[in-house]
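Subject: A structure for you to look at

Hello,

I am passing on a structure that I have been going through, and I hope you enjoy looking around in it. Please open it first; my notes follow below.

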Amino acid sequence: MNFSQSSRLATIVSTVRRTSVSTLVHVSSKPSLLEKGLSRHASCLYRNFSICTKVSEEHRSVQDTNLNNPNLESLLLSTKHQTGPVVDKATDEQEPGPLHGIRVLDLTRVLAGPYCTQLLGDLGAEVIKVENPKGGDDTRAWGPPFAPNKDPADSVLTESAYFLSVNRNKKSITVNLRSKEGQALIHDLVQKVDVLVENYVPGKLAEMGLGYEQLSKLNPRLVYASITGYGQTGPYANRPGYDVMIEAEAGLMYITGEEHGPPVKVGVAVTDLTTGLYAHGGILAALFARFRTGRGQHVDCSLLESQVATLANIGSSYLIAGQEAKRMGTAHPSIVPYQVLETRDSHIMIGAGNDGQFRTLCKVMQLDSLSDNPLYKTNRDRVTNRDTLIRILTNRLKSENNKFWLKALEGRGVPFAPINNIEGTFKHPQVLARGMVHEIEHPKAGKIKLCGTPVKYSDTKPTIRTPPPLLGQHTDEVLSGVLGYAEDKIRALKEGNAV
């Protein structure tokens, strides 16, 4: 690269770095629409920006050169609020997901990490899942239940419902990370990806030459996300992390359960899932920061910190007022009534978040005088006299069955809900209407149902494109297609037990 080329690249980067979020995302992820609808100059800008993002590390300082290009600046300013040309959605093909073109190397197992990478995959990223050749992800064996095989002659059940829940939209390759050949393979892959996600104990991957400091030298633009129990630093950093242990250690279990009962865990591994969500958000932010800086970075995410952060108002009550929390079952510490109440044949969740809702609830329950009683007239009164009020409401609710009360409360402006089991949840008309049950063909299990994507986009829609993979299903495809390995090299890796 000569000086004039460096200067030209510096000008483009300097201009792009001042561009709005919408323009950057549009320019970086929608070349097809850009080519169709924007001017020839904007198309050139896209191509120049693509070149710019590949500038080698030795020319990185050029990107910070403070140069100006009035023509490019004017073009960017004129398009910074545009979303591209109007497309006839009735005839145009489905747009790829918002992360289309991003490649992720997934070195995670179990739940928090795979959940994070599945979210990235649903958004359109290409996710390459690296698994141990001897059994793969631990959760492949976590059953029953297992998905039945579509071939009746195949009696060995290998596809656990647990693994299937968090591994769609991924390609599985098997690599022995302890072998030098396997480590060299990962080094090659790192130079072909945008993101690496791992959930090893801090320092373990570095021992194998796969830590952030080592891999960022091979790919300075790499976003390297670590998901651990306790974070990369601090006295507990080297401890392994488990959802239920963190629930206990970070306060969640202490506040979960009935008031006079023992602490209990949440029904799903909510700390793992929350951490996966935080990591997914952190990765997206780091990718966006890369548009400005041209550099990747290390994203450090832990179960402990994620759980502490999601204590939310409970944590704030302690930090601000020194108020210790306690278990309250389904009840709310500051709102009454706001809990599960018993009916004649079941239970119902009812909430009255303000005095108007409480008056309406009393009318529906034919307890009109209750809302004028000075013991219950305001929410503060109701919190003070919680026990007596809940007894009155429960006695009335137990006079009729659940169906009666669900019908009576419908459309009255009072928050309420039935206590659905899992079957009832997935048969819920709104759940079905919003596409939260998705059926896909699996190579061994046949048609399987998966939970859909919860966030809807008007244009670049998330999709479930491929089923959770078989162990090592895509090893040859990735080694030949992504890395360009020849057949004899792949064969040698197999013979040497590196893959």
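The accessible surface of the chain comes to about 26,100 Å², and carbon and sulfur atoms account for 54% of that surface. Please keep in mind while reading that this is a predicted model. The chain has 499 residues, of which 44% count as buried. It is built from 22 helices and 11 strands. If you take the contacts between residues at least 6 apart in sequence, 71% of them join residues at least 24 apart.

Leaving aside residues up to four places away in sequence, Leu185 touches Val175, Leu479, Leu483, Tyr485, Leu493 and Val499.

**A covered helix**

Next, have a look at helix 6, which spans residues 112–122. This helix is mostly covered, with 10 of its 11 residues buried. The buried ones are Ala112, Gly113, Pro114, Cys116, Thr117, Gln118, Leu119, Leu120, Gly121 and Asp122. Just after helix 6 comes Gly124, which takes a positive phi of about 110°.

**Salt bridges**

Now to the charged side chains. Side chains of opposite charge can pair when their charged atoms come close. The structure holds 17 salt bridges, and I would pick out a few of them.

The side chains of Glu126 and Lys171 meet in one, at 3.0 Å from N to O. Glu126 is in strand 2 and Lys171 in strand 3 (residues 170–174), so this pair links distant parts of the chain, 45 residues apart. Are these two residues buried, exposed or partly exposed? Glu126 is partly exposed, with a relative accessible area of 21%, and Lys171 is partly exposed as well, at 23%.

Lys171 also meets Glu477 in a salt bridge, at 3.2 Å from N to O. Glu477 is partly exposed, with a relative accessible area of 41%. What do these bridges belong to? Arg103, Glu126, Lys171 and Glu477 are linked in a network of salt bridges.

Another salt bridge joins Lys129 and Asp137, whose closest N and O atoms are 3.0 Å apart. Lys129 and Asp137 are both buried.

**Aromatic rings**

The count of aromatic pairs comes to five. In one of them, the ring centres of Tyr212 and Tyr224 are 5.7 Å apart and the planes stand at 70°, so the pair is edge-to-face; the angle that counts as edge-to-face is over 60 degrees. Tyr212 lies in helix 10 (residues 212–218) and Tyr224 in strand 5 (residues 223–228), so the pair ties together parts that are 12 residues apart in sequence. Tyr224 counts as buried because its relative accessibility is 2%, and the cut-off for buried is under 20%.

Tyr230 and Tyr236 form an aromatic pair too, again edge-to-face, with 5.5 Å from centre to centre and 70° between the planes. Tyr236 counts as partly exposed, at 35% relative accessibility.

Arg327 lies over the face of Tyr254, at 5.5 Å from the ring centre. The charged end of Lys489 sits over the ring of Tyr485, 4.0 Å from its centre. Tyr485 is also one of the residues that Leu185 touches.

Best wishes

Definitions and conventions:
Residues are numbered from 1 along each chain as its sequence is written. This is a predicted model: local features need pLDDT of at least 70, side-chain atom pairs count only at pLDDT 80 or more; totals for chains, interfaces and linings use all residues. Side-chain values use heavy atoms; hydrogens and water are left out. Rings of Phe, Tyr and Trp (its six-membered ring) pair if their centres lie within 6.5 Å; planes under 30 degrees apart count as stacked, over 60 as edge-to-face and the rest as tilted. Helices (H or I, at least four residues) and strands (E, at least two) are DSSP runs, numbered from the N terminus. Buried means under 20% relative accessible area, exposed over 50%, partly exposed in between (1.4 Å probe, protein chains only). A charge sits over a ring if NZ of Lys or CZ of Arg is within 6 Å of the ring centre and within 35 degrees of the ring normal. Contact means heavy atoms within 4.5 Å. A salt bridge is a side-chain nitrogen of Lys or Arg within 4 Å of a carboxyl oxygen of Asp or Glu. Accessible areas come from the Shrake-Rupley method with a 1.4 Å probe; for residues, only the protein chains shown count as cover.
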